[in-house]
Amino acid sequence: MGEKKIIDGRGSFCPGPLMELIAVLKMSQIGDELEVLSNDKGSAKDIPEWVRKVGHEYVSTREEAGVWHITVRKTK
Amino acid sequence: MAVERICVVVVSGTRERLQMAAMVASVAAVSGIEVTIFLSMNAVPYFVKGASVAPSNEGDFGNLLVTKKAPDFKTLFRQAVELGDAKILPCSMALDIAGIETDTLESYLGEPTGLTSFLDAARGAQIWTF
């Protein structure tokens, strides 16, 4: 079971939250679960696309009070 | 499968174009695309260490980029190199004309490059110009 990490990308705009996710992914272990918080609607669409493209596991997206929680698992 | 490659040529010194160039370069670089960025003309002075001059915002959207605190274009270019292995090559002609010494440039920039070498690197790649 990997570690769970929260990346607070609130207040940033595309591609800021994505780049913050990638910086943390690089330092994470396979199996770690990363949850990005973002109030940027573009990032909520773009991050899952990027995750699928590069081959990590996209877990889920949910929206709460204007904040998207996008969860990704490192697979490689 | 052949590696996908793009070259991003940046000659503008205005914020909207610098921002779009940085966005394209950084997202491509972290998406498995080989990215070479060629900096020339008005774009070069912003990459001198400690440069205090801010680019002209150009239009209304440039103003919004500042007031809404969009990611800074220099941060995105640096992340393209650090997170995605992009190369940023300053144009040797632009450095000569502007009188900028190589050792005054940001450390994440590569070696000054002439057009012959750049065109060689760009062969077969998509080229985006800003």
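Where is B:Asp85 in chain B? I'll start there and then go through the rest of the model point by point.

1. B:Asp85 sits in the loop that runs between α3 and β3 (87–90) of chain B. Its phi is near 65°, a positive value in a residue other than glycine. The residue counts as exposed because 11 other C-beta atoms lie within 10 Å, and the cut-off for exposed is 12 or fewer.

2. A word on confidence, as this is a predicted model. The predictor gives the complex an ipTM of 0.86, along with a pTM of 0.91. Chain B has an average pLDDT of 95, and 99% of the residues score at least 70.

3. B:Met41 also deserves a look: phi is positive here, about 50°, although the residue is not a glycine. You'll find B:Met41 in the loop between β2 (34–39) and α2 of chain B. With 16 other C-beta atoms within 10 Å, B:Met41 comes out as partly exposed.

4. Over in chain A, check the peptide bond between A:Cys14 and A:Pro15: it is cis, with omega at about 0°. A:Pro15 belongs to the loop between β1 and α1 of chain A.

5. Now the sheet of chain A. Four strands make up an open sheet with mixed pairing, and the order is β1-β2-β4-β3. At the edges are β1 (4–8) and β3 (57–64) of chain A, each of which pairs on one side only. From one strand to the next, the twist averages 20°.

6. Within that sheet, β1(A) pairs with β2 (residues 33–38) of chain A in the parallel sense, over five bridges.

7. A:Pro48 is a proline found in a helix, namely α2 (residues 41–54) of chain A. It is partly exposed, with 17 other C-beta atoms within 10 Å. Leaving aside neighbours within four places in sequence, the contacts of A:Pro48 are A:Tyr58, A:Thr61 and A:Ile70. A:Leu18 is 30 residues away from A:Pro48 in sequence, yet the C-alpha to C-alpha distance is 9.6 Å.

8. Back to chain B for a helix pair. The axes of α1 (residues 15–29) and α2 (residues 60–67) of chain B come within 8 Å and cross at roughly 65°. That angle is why α1(B) counts as roughly perpendicular to α2(B). On the α1(B) side the residues are B:Arg15, B:Glu16 and B:Gln19, and they meet B:Phe61, B:Gly62 and B:Leu65 in α2(B). Sorted by class, this contact has two nonpolar, two polar and two charged residues.

9. Last, the interface. Here 12 residues of chain B are in contact with 13 residues of chain A. On the chain B side, α1 and α3 (73–84) each supply at least two residues. The biggest share comes from α1(B), which gives three residues. By class, the side of chain B that touches chain A has six nonpolar, four polar and two charged residues.

Terms used: Residues numbered from 1 in each chain as written. Chains lettered and ligands numbered in written order. Predicted model: local features only at pLDDT ≥ 70, side-chain atom pairs only at ≥ 80, totals over all residues. Axes fitted to C-alpha atoms, helices over the stretch in contact; angles between N-to-C directions. Parallel < 35°, antiparallel > 145°, perpendicular 65-115°, else oblique. Contact = placed C-beta atoms within 7 Å. Nonpolar A, V, L, I, M, F, W, Y, C, P; charged D, E, K, R; others polar. Pairing = 2+ DSSP bridges. Buried ≥ 20, exposed ≤ 12 C-beta atoms within 10 Å, placed from the backbone. pLDDT = per-residue confidence, 0-100.
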